Amino acid sequence: MKRSLSLKLALLAVAAAALGVTAACGEAAPAVVPTPVVIDRTVIVEKPVEKIVKQTVIVEKPVEKIIQQTVVVEKPVEKIVQQTVVVIQTATATAVVAAVPESQKAGGSLKIAASGSVQSFDPNWTTASGTHNVTYSIQELLLAHTEQYALGKQLAESWISSGDGKTWTFRIRSGVKFHDGTPLTTKQVIATLNRQKDAAAVFKLVQAQFGTPVFTDYVKVVDDLTFTINLKEPTGLVPFGLGPQNFQPLIQSEAWSAVPQKETAKGDPIGTGPYKFEKWTPGDRWSMVRFADYKASPEKTDGAAGRQTAYLDRVEYIEIPDQTTRVAALEAGEVDMAQEFPADLAVRLEKNTKIQLVSMAPNRLLGHFNHLKPPFNNVEARRAFIQAYDNEKALLLAAGNKNSYRLCPSLMQCGTDWESSAGAAGNYYAKKTAESKAKIAALGMAGMKVRLMDPTDRQPAHAAAQVSREVLADIGFNVEFLVMDWATMVTRRADPELWEFFHTWSGSSVRTGPVGHLAFGEIQYNGWFNKYQDVPGKGRDSLTKLAKETDVAKQKQIMDDFQAYFYEDAIFLQVGEFFSRWAARADMRGIVGGGGPADQLPANKWFQKK
Amino acid sequence: MSTTTRNAPLYMAPTFQERVQRAYRGTVHVLRREPTVLIGAVILLIMASMAIFGTFITRTDYTRVDPINRLIGPGVQHWFGTDTAGRDVFDRTIAGARLSLMIGFAVTLITTMIGTVVALIVGYSRLLDNVVMRFVDGLLAFPSILLALALIALMPNSGIRNVIIALSVTGTAGKIRLVRGAVLTLRETAYVDAARGMGARVPRILMVHIAPNTLNLIIVQATFTLASTILAEASLSFLGAGTPEYIPSWGNIVATGQGYVQVAFWISFFPGLFLTATVLAVVLIGDALRDYLDPKLRGRLERSTQ
Amino acid sequence: MRRYIAQRLLTSIPVIIIVGIITFSLLYIAPGDPAAIIGGDEATPEQLEEIRHQLGFDKPYHVQLGRWGSRMIHGDLGTSIFSKREITMLIRPRIQPTVSLGIQIIIVSSLLGVSLGMLAAWKAGAKLDRALMVFAVIGFATPGFWLAFLLIWGFAVNLNWFPVIGYAPVDISSLGAFGRTLPSHLHSMFLPVLVNSVLASAFISRITRSAMLEVLREDYVRTARAKGLSEIRVFLRHAFRPAAIPIVTVIGGSLAGLATGLVVTERIFAIPGLGRMLVEAIARRDYPIIQGLLMLASTTFITINLAVDILYAYVDPRVRYGG
């Protein structure tokens, strides 16, 4: 009950914010609720809105989505990004000087060493990054992310809201064809939305809170290229419901839309995207080829939105779960691009002139308590552990070298305006081992069993788990070290009977402002796998206040207060921030860099011809 | 068993003293003729003392990560360098010797004891033989590493105990088949017939006339079991099915260094070298033992899975 | 002969049944509720009950065993817990790498092992013989994963002759495609095949040598020599053929040992075969896949041994009548 209240409040904040963004997109309807204040606040509110869109991503599978999660590069990242940006800029500069005509960009094939494995190509069934890697190129959204993570047009041509704000009319581009030749009409769009209506988090939220309850009333076909969304209460959130999110409505063929969302669709994925699915060898590789009849958007390219061009003839993803092997394959020239790997390995690539390195936005490393079971249903035990922690050791081991991590006690991303050290003194990186050990003994918990899950195939979490094993043992717990792979851990953490502590890491999308904060599952009452109980109830109060507050200074104050409370109630272990990299052949062009939504997508990339 | 003269069988197994004397003379003889055995014995002795006195040799807490000192090359401070988590590879290799030899000897002991007892019993009972041997055939039909991996997957957590159980289950079947074969042959020999004719009962025949005569075979086979167990444990650990990373095993140390071939060859190189040397030592000793104790065994011993 | 084959076939059936019972029981005693694993996080108690009922998990052991057995006979290996796909579907693309690797290893190690063994027997007692036998002992003692590390270090990292990892599939849809894809396939498989072949040939050479020496002591070899036949002729014609029988048996029997090599090398060289699939399934505790692969591996192993036995009987009539 309480949880849904805070969701509702969050939603209200989002509603206000969304108006700002839609206005900013320039394509918004004649201002539905024309409050100048909202427009004024565009800059600040714009990003948080996106955060809530991505929030579900974090809640479900934080790690797998990292690639997509990266957000607008903020100040602190610049330092790390710089070298890369420079490389890319010179590259682009040369390209501009040479004035490469479009025709000369075309051709070649791209091999990508992929980090995630693929179990299904149905993006509406799974949120696995491996699947999304490829389906973003094959299937398209009505609205996609721009470079700044705002909403931009992809299959949608325009949208307009009625005077009372209750009817939103969307028009899709004409002449778009599926890979099998079927023309795109509202038929496939509606079928996809229908399939996703209970899974796509934002779509579901908007309908539940503001929309008409029956799907066929909520989404109505007008003609082949036009449909409306009908509300009972006005909101600016409607476009976000059609945009990127978990289980996002990537428009697919009718054959796939007919499959229930809980089942994975079989057969080749068909879409309207720049690339056409070619073949899949499970456990090994999957590939796609340029779609000759692709109809690109007439809009300017901006992130994943606007004009997308497939220059490469063929793209092949090779599944290489081991990060060092991915890098080795890139060095050996067996692949042209290697997905996420730790900075440790990047050092080796820095000297290699044949390879360009690209940074990803900072990730936050964290550790979660099981708030339902002893010993960590006891705040004293949680605090004792946090105060004994050696954050730097865990970060260094996770990141690999000194330049690739930073100690950061702040719940919001360090280096942003929202950074705070409230409540950190004596709690964050305090290394009070002896004191904590005495505390645990006094609590009568010495020798109590703590089951610590260690996902050995995910380096950052694996590294932190090794440090946690030592800290837990040092303060007197009897650690049962459960070695498993990431997939198993994700399954096990859903059952609070099976564990006491585990590590994970998350991208920065929930960490750049108040709305992200509101949507941040791990700190919500009973909201995430950690089942945070918020016994004093202060957390809920503070989040409710934040949802209502519109003044920036006051928001900051509320968030600082919350952070102090976060340390007092030891909600989870904040370890710090680290930076991962990805890399590509030096002659690859078209990389924007800086952690944008399309950074690693094959569209718009091409190889410099010799 | 040594002093009974009443009801003395026509053939009598050598006494314990005789056995020791024979073993001593044999050892001297073998060492003189086959210098390779000396090499094997020396290596094994070094490894065993490392395993036993390891705690006096190691200078760091090799179970704890120390990322500030990661990937340091071999030198005065760290003889074999440090690994990806900054742990001393020399210390971990020493500690790995203990784990390898402990698991090796434990599994060899368990499989040999259970295998011999079961083989003696089934070798003398046709009914049991049919039942047990079908089951043994079934177990032997699995490639043993796969069965060991599957058994480990069944057990919660991870640790030394699981590895010992899995390798014992897969190793016992082969033992039973081998010793049973010898029992069946011995059962038909003249002196067993004679003992039977003189009214000796089955347990006595088994204990006095058959068991001692399978000893040579068992000893020789035990050395090969030891060698292949050490290899199997290393393979399991390498595949991530052995002990967790903080408990060093030669297999898992090599696994941590696998991805760092280009930057830190020492992580995988040294523990692998120690592992190979140990197995080599055991095999050399086993070969010599076989040649000395029972030349006829040549070729009959099948290579157990690695 | 036909009778012997029939008899051998009949004796393999109980073995396969026992293998099946063991494999099934492994899953049966596996910890955790399989219905909960299959149902996932969001399954309600009613849904779990439904799954249990559908899959027969509420039935007694022997009924479940019977059902499982009949599914296996019909070639239905079940559904993966993790990916929720049919295991036969998941296995299919994994067969080529493993089978190709296995065949190449058998061919290369047999050729290498037999020729080295014959060379050693030819020069019995000489320096070359001793050197070869040292190689054989070291080959037995070297763990495959370490040899792989050394070879990657030498050939792939320092010399850059072969890819560090990766698998180039061979296209067998047509002869032309086969010819086109074969070179890159063999190139990508070179190191994995080499690692396993070096180790396996060490053992084969040892067996070959002793088999040859045994035959060379036989009277008819002496007779052949006395007749003044050239040494090479005696060696290849009169000695090798009888010696081949134990050698073939040994190669057949060492295939189980090959399983370790396949699992380990597929992991190291990132070859998407059945071995890697098994290791992944074990990390995920995906029991149906573990079961399916165990059944597949053991029945393959039984079949090969059966084939070797029959071959043996064909070559050596004493086996047929003696048994």
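The model is predicted, with local features needing pLDDT of at least 70 and side-chain atom pairs counting only at pLDDT 80 or more, while totals for chains, interfaces and linings use all residues. Residues are numbered from 1 along each chain as its sequence is written, and chains are lettered from A and ligands numbered from 1 in the order in which they are written.

**View 1**
Chain A carries 22 helices and 21 strands. Helices here are DSSP runs of H or I with at least four residues, strands are runs of E with at least two, and both are numbered from the N terminus. Of its 610 residues, 60% count as buried; that label needs 20 or more other C-beta atoms within 10 Å of the residue's own, whereas 12 or fewer makes a residue exposed and anything in between partly exposed, with C-beta atoms placed from the backbone. Take the contacts in chain A with a separation of 6 or more: residues 24 or more positions apart account for 74% of them. A contact means that the two C-beta atoms, placed from the backbone, lie within 7 Å.

**View 1. An open sheet in chain A.**
Here 4 strands line up in the order β4-β5-β7-β6, with antiparallel pairing. Two strands count as paired if DSSP finds at least two bridges between them. Which strands stand at the edges? They are β4 (156-161) and β6 (219-223) of chain A, and each has a single partner strand, so one side of each has no neighbour in the sheet. From one strand to the next, the twist averages 25°. Look at β6(A) and strand β7 (residues 226-230) of chain A, and you'll find 4 bridges holding to the antiparallel sense. In this pairing, A:Val221 sits opposite A:Phe227 of β7(A). As a rule, side chains in a regular strand alternate between the two faces of the sheet.

**View 2. A covered strand, β11 of chain A.**
Strand β11 (residues 337-342) of chain A is mostly covered, with 6 of its 6 residues buried. Strand β1 (residues 109-114) of chain A runs parallel to β11(A), joined by 2 bridges. One bridge partner to look for is A:Met337 in β11(A), which goes with A:Ile112. Strand β19 (residues 580-585) of chain A is antiparallel to β11(A), and 4 bridges join the two. There, A:Phe341 has A:Arg581 in β19(A) as its bridge partner.

Chain B has 10 helices and 0 strands. Its C-alpha trace spans about 75 × 45 × 30 Å along its principal axes. Of the 306 residues in chain B, 51% count as buried. Among its contacts between residues at least 6 apart in sequence, 69% join residues at least 24 apart.

**View 3. Two helices crossing in chain B.**
Helix α8 (residues 202-238) and helix α9 (residues 250-258) of chain B have axes that come within 7 Å and cross at roughly 40°. Axes are lines fitted to C-alpha atoms, for helices over the stretch in contact, and angles run from 0 to 180 degrees between N-to-C directions. The contact residues divide into 6 nonpolar, 4 polar and 1 charged. Ala, Val, Leu, Ile, Met, Phe, Trp, Tyr, Cys and Pro count as nonpolar, Asp, Glu, Lys and Arg as charged, and the others, Gly among them, as polar.

**View 4. Where chain C touches chain B.**
This contact takes 46 residues from chain C and 42 residues from chain B. Which helix of chain C gives the most to the side that touches chain B? That's α11(C), with 8 residues. The chain C side divides into 36 nonpolar, 8 polar and 2 charged residues.
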